[in-house]
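Here are a few exercises to work through with the model open beside you. Try each task before you read its solution.

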Amino acid sequence: MLVWRLAWRNLWRHRGRSLVVGGILFLGALLLTFGNGVVSGMADGLRRQVVESFTGDVVVVSDKQVDDNVFLSMMGKEVEPLTRVTSLQRLVDSLSWVKGSLPMGKNMALALHETEGSPGFVFLLGVDFQKWQEFFPGAFQVKAGRMPSPGQSGLLLPTGANEQLYQTMGQVFAPEGSVDTLLLPKDARGLSLESLRHDLVLMGYSNTMSASDQRLKVSGLGKYSSLNTIWGHFAICDIESYRSVLGYHRQDEAAKDLSASQSKVLASDDLDALLSDGDLASQEIVGPQATGNATTGEVDPIWNLLLVKIADKTPEVAAEELDSLFRQRSLPARALSWHQAVGVIGSLALLIRGSLMGFVGLLFVVAAIVIANTLAMSAMERASEIGMMRAVGATRLFIAKLMLAETTVLAVLFGGAGILLGACVVAVVPHLGITTGNDLLQMVYGGEVFRPLLRPMDILLCLLELGAVVGLASVYPMQIAASITPLDAIARD
Amino acid sequence: MNIVEIRDLVKNYPLGNTTVHALRGVSMDIPKGALMSVVGPSGSGKTTLLNIVGCVDAATSGSVKVGGSETTSLTDRELTHLRLHKIGFIFQTFNLVPVLTALENVEFPLLLQGGQSKAKVREKARQLLEGVGILGHQDHKPAELSGGQRQRVAIARALVTDPDLVLADEPTANLDSETGESILRLMQTMNQERGTTFMFSTHDSQVLRYAKDVVRIHDGQLVGA
């Protein structure tokens, strides 16, 4: 009690210095809180923009898939077919920490020009539209046309892909019916509606050598709800059309009628090697048993990815556990965290998050140093007073406690106010409607609208950080003050 | 019975490349109930002697016993404990805690000691302030008191723990002569009424008439009583 009384009165007596230290604490706490809010908002935003809109937390791929970056690899390197998806999905869905899973096809497709122009290309996702919408609700906004109904074939074309096709092919695609010209590529808005094309001929870009061209009707034109500049390159079609484009469908059907050895031949990745060596039947073919299910006798359709949403685990840990399970059950798959699966986007997200946290950390250290220096100077200025207290019987511990109490009072008052104001700013900023179309900024913003976020855990983190600043800033002044001897007081007199 | 026993006390200070010999083998005893004045010119070593007896400075060699404890072998914590429980200090420049009132300043050593109720501490501090004649100023901060009033508060603070020994280094140096004399009379009264042992330093020969015992020091050596 004596310590707190002395601390409070000392602070009041040295109001000017208290205001300086308090001001630093206030500003530091404000920036720490806001910084934590931005980091948290970014994490939450990334979750919404990537995990909950496009990839899920974990992406299961074929064990033959070499490159982890399955979504954004340059030049659309083929994503290996994923087999035994039914078994994989059954296993994944049986885990208590899995919220859901969705198989998906993903590869690149050439968009063929039907006259004499250059072909274009799109990243193509093959989905069961109904399940995809349930898995990623609101992820895609259809602005013209409509989402294909269950069992219906069709293509959802995002504005980004349409822009890219226009740049390479000189053709603009849109669903039948009226279309807002603002949805069309900027340079193509002057074109007459009659010149718009309503279907697109796609041909898979894969190693199966069985891809074929497939005409797909453009059912809808629209935008991804977030990161449209990136995800906007991914057109979505029904899975049956996707398999036809990639040649998977014919492979499946053929497998139903072929003998086991014939299936092996067709399932092989290395047909050139087979054909170059003469006797086809004598070849020992090593390749995925792509389509057979020994237990049920059913043909397991081929996909490329199994997207998994999880709870209560980090994606990295979940991926490791899934890998372990796949190995135990000899399932031909491996799991990637979403960071790995989106390649540079994941790295960029980690980099931005790391930079923000680094900035907050730097702020933390600078604030601690400035406060420590100010308090140490204050302790030295008060050597006479402190020495006198030591002379009349105050222990070093008492003096150290006094210094700590003074810093703590300042931290509670000014730091507390800083955290409170920071929390208010974080609460108000999302309502100001600060928007950006830049995808990099969207990652920092947590979406198109700048949306910092503070959860109770973040507030607790702010308090811990403030406590750490105070603790760190107090050590040196406490040492200085506790080392003052009664003789210092007398010598100063 | 002696409260303080000093034998062959030497204190040297390094000063640049030379050594200052502040005390050169001082030996003396201070009996319980003494009102002793250490007299000498500036730089004679009287403040150094008081500092070592008061456990705020360390001897280079020799022995100092306060209340039977050999202070030269005590740790910092033990010395602090000794200062808190057995020694009272009165400083030349009063040295009160500026943010505490007169009453709180007197309470301060008792609160550091702990173990007594707040009411008891307050009551004891009031009694002492009344004893030194400034109870009416108990709620004033040091800055609101005159030099004489501050020194009275300092005396009350020095006495509040019922110490074996009160050390006062030139307690009247910053006071006018009339106030200085009143402070000395107060110390004389406390010595007579409470039996408290006082040891004070001065270079003012007028002050000597208040002392029961006088020790003269010159160039770090006792030169006669």
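**Exercise 1.** Work out whether S474(A) is buried or exposed, then find what it touches.

*Solution.* Start by counting: S474(A) has 24 C-beta neighbours inside 10 Å, so it goes down as buried. Helices here are DSSP runs of H or I with at least four residues, strands are E runs of at least two, and both are numbered from the N terminus. Now skip neighbours within four places in sequence, and S474(A) contacts M403(A), L404(A) and T407(A); contact means backbone-placed C-beta atoms within 7 Å. Finally, check T407(A): it is 67 residues from S474(A) in sequence, yet their C-alpha atoms are 6.9 Å apart.

A quick note on the ground rules: this is a predicted model, where local features need pLDDT of at least 70 and side-chain atom pairs pLDDT 80 or more, while totals for chains, interfaces and linings use all residues. Residues count from 1 along each chain as its sequence is written, with chains lettered from A and ligands numbered from 1 in the order written.

**Exercise 2.** Find the strand order of the open sheet in chain B, and say which strands stand at the edges.

*Solution.* Read across the four strands: β2-β1-β4-β5, paired antiparallel. That puts β2 (18–31) and β5 (69–70) of chain B at the edges, each with a single partner strand, so one side of each lacks a neighbour in the sheet. Pairing needs at least two DSSP bridges; β1(B), residues 2–15, and β2(B) share 11. For a landmark, L15(B) stands opposite T18(B) of β2(B).

Notes
Buried ≥ 20, exposed ≤ 12 C-beta atoms within 10 Å, placed from the backbone. Contact = placed C-beta atoms within 7 Å.
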